[in-house]
Structures are given as structure tokens and as C-alpha cells.
Amino acid sequence: MTIGNRDDRQLPHTIMSRTIMHLDMDAFYAAIEQLDNPELVGKPVIVGASPDKRGVVATASYEARAFGVHSAMPSRTAGRLCPNGVFVPVRMSRYAEVSGQLMDVLESFTPLVEKISVDEAFMDVTGVLHLWKDALSLARAIKDRIRAELKLTGSIGVAPNKFLAKLSSDMDKPDGLTVAPTIEKEIIAFLAPLPVGRLWGVGGKTNERLNSLGIHTVEHIQQRPMEELRTILGERMAAHLSALAHGRDERSVETGNEEKSISNEMTYGEDCRDPARVRETLLRLAEKVSHRLRRSGKLATTAQIKLRFSDFRTITRQLPLQPATDNDRSLLNAAVELFEKENVREPIRLVGFGVSNLSRPGQARDEEQQLLFPALDSDLQDEKDTKLDHALDEIRERFGTGSVGRAGGKGRNR
Ligand code: TTP
Ligand code: MG
């Protein structure tokens with residue numbers, strides 16, 4: 001199923017929406033049992049405790065699911081529902097081995113892979129999309145490689161964020177590929193009919209509570225006034241669920257590198273009404289972050305700003321950095337671009353800048369990235385900048401942070 005489509009190829013250092021993929025393998029343990037024992041192909045395979053013992057089903061092949069068998073069901077019940085089911089015990093080390101091979105396949109497409117479970121991962125493919133016709137062809141290529149190398153199938157969701165990607169991967173299982181919409185109006189329509197329990201963070205208790213108040217679908221959250229949601233759920237949960245119900249999710253794909261991010265923020269004594277001053281603060285923060293980043297010896301591939309308004313509403317906006325960088329100019333440019341794109345006219349309470357998706361130069365991850373992101377004309381300039389940054393860092397370290405500065409304001413924005 002394909003809902004909407006998009007083309008994300010844009011120039012580096014321009015603001016672009018992200019393209020996130022979520023992969024979830026189909027009937028993972030059962031599919032591996034069928035792979036290792038071809039006699040089981042096409043049969044209702046149930047992985048877990050045997051039906052004459054206490055214990056539960058870990059998973060079942062889609063053939064067994066047709067009889068109503070599912071994960072976490074007592075095996076006894078499964079045996080009753082599916083008398084011809086072939087029960088096999090769990091072989092965790094084998095599944096872990098295949099899981100490792102799967103992650104290697106994913107990392108050959110992008111270094112930005114976040115493993116969520118044994119058969120599930122997020123990928124931020126924003127930076128590699130220019131190598132493909134579009135996101136759909138990249139997703140197809142990933143599925144083809146998994147099928148060719150592992151002889152298994154998985155389902156992929158493609159979306160502008162993690163929440164929508166995960167929902168999408170589940171929509172067309174097994175062997176599915178769903179591209180979520182990217183236009184706000186379409187996203188809202190896409191989410192509206194889903195049960196409210198599909199929103200991340202709505203577990204048993206919250207779900208019951210919402211249902212008892214007549215909130216059964218995401219549409220009901222979309223339509224309730226914010227004040228009412230706040231009364232029902234409290235400030236934080238209301239903001240969180242309302243954002244998700246509108247398809248907004250700023251979480252980044254975390255690769256599991258040691259240090260995940262470096263950031264710095266500042267709260268004004270009195271909310272700041274002057275965008276030029278906020279911009280100046282942001283540049284100072286970006287400079288500090290850039291300095292800390294170089295001290296850590298790492299390069300960043302994502303820059304982020306954070307803005308909190310008088311009413312505590314907080315937004316974060318991200319921008320991919322290509323190639324990975326630790327230089328002032330790139331980070332300051334990113335900060336300014338992100339800020340100016342927001343075109344903020346409201347008073348600001350807090351402003352922050354951060355970098356994430358960090359890697360060490362020379363690491364396999366980084367070398368891959370250099371291959372994935374062809375050299376830019378600006379590389380030579382970057383090299384000069386790097387030397388200058390290190391010289392300035394030395395002076396700052398000897399005489400304090402405020403001791404040297406560069407030409408301020410617009411000049412920094414290419
Ligand atoms: P899932 O991805 O939830 O399930 P699945 O891959 O078997 O089937 P599908 O994604 O196509 O719906 O979980 C991945 C593996 O984790 C699953 O194969 C077995 C294991 N698992 C358990 O052991 N117990 C559980 O309750 C669940 C949900 C999964
Ligand atoms: Mg799965």
C-alpha cells in the first residue's frame with residue numbers, strides 16, 4: 001500500500017524534512033525456523049512452549065495466525081486453536097545471529113541505524129536519499145537485499161518521523177511497504193481512524209481512562225480542545241498526545257554511539273522579544289557546542305535548535321549536516337538557518353543549540369559516511385575553517401571563552 005509519495009533529494013545544508021524508515025521483520029522467530037527447516041515452510045509453526053506444558057507462544061507463522069494464535073498466548077490455548085500446529089522451542093542464539101546479519105545489511109545503506117529489538121530498527125535515510133530515485137526505491141532495495149542475503153521478509157514504513165514510520169511498517173504486514181503521507185492535512189486523515197492506543201505512551205490504564213471519556217480514536221484526540229486534554233491528562237501528557245495525534249514527533253534516530261549529543265541552552269531572566277538578540281544568543285551557544293564537540297574529537301551529522309515560548313510550549317528543529325562536521329562555520333550556519341526558518345515573532349523564554357548523531361573521524365561509521373556523501377566543493381573551505389577553529393579554541397582555552405569572536409550576525413550565514 002502506498003499513500004502519497006515524496007522526493008527528498010535536496011542540497012546539503014538546506015533545511016529539509018527527514019525521511020525515516022522503520023523495519024519490522026515478519027514472524028521473525030517462526031520465519032527463521034522455516035528457513036532452517038524447509039519442511040516447515042507453509043505450515044502453521046508455533047515457536048514457544050509445547051502445548052502440553054505451562055508457558056506461552058513467542059510467535060507464530062502467519063499460517064498459524066489464521067487460527068487465532070498469537071504472541072504471549074498460553075501454548076495450551078494455541079494447541080487447542082490450532083491442533084495441527086508444529087510447536088518448536090525458542091533458539092535465541094540463532095535469532096540473535098540472524099539479527100546481527102540483518103543490522104549489517106541495514107548499516108550498508110546508512111550508518112544511522114537504531115536497533116529497537118531483535119527484528120526491528122529505525123533508519124534515518126535523509127542523508128543518503130540523493131543516491132536513490134526516491135524513498136520508495138530505497139525501501140524496495142533494502143527489502144530486496146534482506147530477501148537475497150537472509151532469505152527472509154520484513155515490512156517497512158517510510159515517513160517523516162519515527163512515530164509515523166513505525167505505524168506505517170505495521171499497516172501492510174507481512175512483506176509490506178507503506179509510505180506515509182508528508183502533508184499535514186493528509187497525515188491527520190491518515191491517523192484519524194486509528195485506535196487511540198496506537199499513540200506511543202498510551203498503555204492499558206491511560207487507554208481505559210480515555211475510552212471511558214469517549215476518546216476511542218486518534219480523531220477524538222485531534223478534535224478535543226487542548227484545555228480539555230490538559231484537564232484529563234495533565235500538561236505534559238496532553239502536549240505529547242496532541243503532538244502525536246497530529247503526526248508530530250521530533251525524536252531522532254539514535255545510533256548508540258557512546259556520546260549521543262552535545263547541547264547547551266539558556267533561559268532568559270525576562271522573556272526575550274527581540275529576535276536579533278535570540279539569534280545572537282543562539283550563535284554564542286552554537287560556538288560553545290562546537291568547541292565542546294571538537295574537544296570530544298567527534299563529528300556531528302545533526303544540528304538542532306530548541307525554543308521555548310512564554311507559555312512553555314517548546315519546539316525543536318533539526319537539520320542534517322553533510323558531511324559530518326565539527327567546524328564553527330557549518331554549525332553556526334545551521335543554527336541561523338534553523339532559527340530564521342521558524343520566523344519567530346513571539347517572546348522567547350529559552351533558547352538552545354545541540355548536535356547529535358556523533359561519530360569519530362576515521363571510525364568505520366564515518367568512513368562509510370564519507371563514501372555515502374560525495375565530497376562537496378566546500379570541503380577545501382572546511383579544511384581552512386578547521387585549522388582556524390582549532391587556533392581559536394586554543395586561545396579560548398587559555399584566555400576564556402569570550403576572549404575571541406568572529407565577525408557576528410549575517411556574515412556567518414552563507
Ligand atoms: P514481533 O516483531 O512483535 O513479532 P513477529 O516478528 O514474530 O511478527 P510480526 O512482526 O510479523 O507481527 O516480535 C519479534 C520477535 O520477538 C518474535 O518473532 C518473537 C519475539 N516475541 C516474543 O518472544 N514474545 C512476544 O510477546 C512478542 C510480541 C515477540
Ligand atoms: Mg516482527
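This is a predicted model: local features need pLDDT of at least 70, side-chain atom pairs count only at pLDDT 80 or more; totals for chains, interfaces and linings use all residues.
The ligand is surrounded by 13 residues. Elsewhere, helix H6, spanning residues 162-169, is largely enclosed by the rest of the structure.

**Polar contacts of ligand 1**

- Tyr62 places a polar side-chain atom 2.6 Å from an oxygen atom of ligand 1.
- A polar backbone atom of Phe28 is found 3.0 Å from an oxygen atom of ligand 1.
- Ligand 1 exposes 560 Å² when taken alone, and 68% of that area is buried by the protein.

**Make-up of the shell**

- Ala27, Thr59, Tyr62, Arg65 and Asp119 are the closest of the residues around ligand 1.
- By class, the shell around ligand 1 holds 6 nonpolar, 5 charged and 2 polar residues.
- At least two shell residues come from each of these elements: strand E1 (20-25), strand E3 (57-60), helix H1 (28-36) and helix H2 (62-65).

**Helix H6**

- Helix H6 counts as largely enclosed because 7 of its 8 residues are buried.
- The buried residues of H6 are Lys162, Phe163, Leu164, Ala165, Leu167, Ser168 and Ser169.
- Where H6 starts, the backbone nitrogen of Phe163 has a side-chain oxygen of Asn161 within 3.3 Å.

Technical notes. Residues are numbered from 1 along each chain as its sequence is written. Chains are lettered from A and ligands numbered from 1 in the order in which they are written. Side-chain values use heavy atoms; hydrogens and water are left out. A residue is near a molecule or strand if one of its heavy atoms lies within 4 Å of it. A polar contact is a pair of N or O atoms within 3.5 Å; within protein, one must be able to donate a hydrogen and the other to accept it, and residues adjacent in sequence count only if both atoms are side-chain atoms. Accessible areas come from the Shrake-Rupley method with a 1.4 Å probe; for residues, only the protein chains shown count as cover. Helices (H or I, at least four residues) and strands (E, at least two) are DSSP runs, numbered from the N terminus. Ala, Val, Leu, Ile, Met, Phe, Trp, Tyr, Cys and Pro count as nonpolar, Asp, Glu, Lys and Arg as charged, and the others, Gly among them, as polar. Buried means under 20% relative accessible area, exposed over 50%, partly exposed in between (1.4 Å probe, protein chains only).
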